[in-house]
There are 2 protein chains.
Amino acid sequence: MNADQSGEEPPTTEERIMEATFRALLKHGYNDLSIANIADEFEMSKSSLYYHYDSKDDLLVAFLGFASDRFEEAVLSTPEDDPMANLEHIVEKLLPIQLNEEQEAIGTVMSELRSEAVTNEAFREQFTEMDDLLVDTVRDIVERGVEDGSFREVDPTRVAEHVVATVNGARASRTTTNRDQAPAAVRVSLASYLDSTLRGRQ
Amino acid sequence: MNADQSGEEPPTTEERIMEATFRALLKHGYNDLSIANIADEFEMSKSSLYYHYDSKDDLLVAFLGFASDRFEEAVLSTPEDDPMANLEHIVEKLLPIQLNEEQEAIGTVMSELRSEAVTNEAFREQFTEMDDLLVDTVRDIVERGVEDGSFREVDPTRVAEHVVATVNGARASRTTTNRDQAPAAVRVSLASYLDSTLRGRQ
């Protein structure tokens with residue numbers, strides 16, 4: 001996971017294993033994932049996977065670190081300059097109104113992996129890091145907005161915790177209920193929360 | 001589950017099985033739950049449990065219905081008259097600052113059961129009902145506040161979806177991360193969200 005990812009170097013074995021794990025998870029789902037079907041995606045033997053990772057859990061914990069880096073690149077590195085546009089970009093990425101098939105599969109897999117965190121400390125640490133990263137990113141944007149005068153004097157941590165809890169709750173409702181209308185309602189209410197909390201508009 | 005629960009009648013066999021399931025879940029956790037250890041709590045044979053429920057999953061789906069009824073009694077039947085006090089009561093019940101041991105165990109078990117809903121439609125329907133019930137309850141209180149003039153003219157459904165997503169996200173962070181400070185921050189931000197959204201106070 002410390003390999004050069006500049007795009008010039010060929011992927012390391014670890015990176016290729018992570019990509020294979022991702023494909024196997026999307027194809028088989030978490031419940032039916034096995035070292036054998038990861039090896040199938042990798043065209044390598046099971047034993048060579050065990051050379052790199054002690055167990056399926058060990059491999060999945062590494063995968064969560066890999067997914068977190070990808071998530072950081074895809075979601076948290078916002079192209080916008082304006083703090084409010086930045087926040088809207090993140091909320092849009094985290095809670096799209098319409099999910100394509102891959103986004104839906106990723107949501108399901110992440111939800112299943114998160115449930116392992118209830119009883120598995122190594123998984124729990126990965127999700128702690130992911131949520132910390134998300135809260136820190138939102139908090140930094142809010143802080144920047146307060147400093148440049150575009151936002152009111154709010155507690156940036158509190159706003160960030162609120163946004164992340166709301167987004168995570170709406171994402172969970174997508175994977176664990178049939179309440180299909182909920183995420184769209186939350187998107188609207190979250191936009192209005194940000195507007196009224198950060199800019200004092202009612 | 002349709003039995004008279006007025007407290008006069010002795011509990012039905014189904015109710016006694018549900019109580020036994022609850023005790024077994026708290027004692028063994030979801031992962032180690034078996035029909036055998038439910039039977040231990042019930043002083044009945046495994047075969048008599050199978051007489052009432054076809055499988056462990058079948059029993060757990062019934063348990064979720066039972067838990068939902070209990071939840072409705074304990075959390076959603078608010079003693080307060082004032083709509084804002086009602087909402088605060090619900091948020092306090094759903095997201096206590098300090099959890100006692102039993103509350104923590106219940107949170108863990110419900111989180112594990114919810115994760116089954118990702119792949120099991122019968123579980124999914126139970127969590128859909130539970131979240132619907134919660135959203136409907138919050139929406140009705142907000143509606144009442146709008147009608148009696150204590151709240152501003154908001155969209156009650158949107159506010160209810162926001163509250164439920166935020167609470168569910170914070171509850172999930174309690175069971176799947178080590179971010180111990182998050183629920184308290186969300187409690188504060190949720191109180192301020194309700195105050196500013198419903199009463200226009202900044």
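Predicted model: local features only at pLDDT ≥ 70, side-chain atom pairs only at ≥ 80, totals over all residues.
The same surface serves both copies, since 100% of the contact residues of chain A recur in chain B, where contact means heavy atoms within 4.5 Å.

You will find nine helices and zero strands, helices being DSSP runs of H or I of at least four residues and strands runs of E of at least two, numbered from the N terminus. Taken along the principal axes, the C-alpha atoms of chain A fill a box of roughly 60 × 40 × 30 Å.

Now stay with chain A and look at its contacts: among those between residues at least 6 apart in sequence, 63% join residues at least 24 apart.

Then colour chain A by accessibility. Of its 202 residues, 50% count as buried, that is, under 20% relative accessible area with a 1.4 Å probe, protein chains only. Chain A exposes about 9,700 Å², of which carbon and sulfur atoms supply 44%, with areas from the Shrake-Rupley method and a 1.4 Å probe.

Two notes on reading the model: residues are numbered from 1 along each chain as its sequence is written, and chains are lettered from A in the order in which they are written. Local features need pLDDT of at least 70, side-chain atom pairs count only at pLDDT 80 or more, and totals for chains, interfaces and linings use all residues, while side-chain values use heavy atoms, with hydrogens and water left out.
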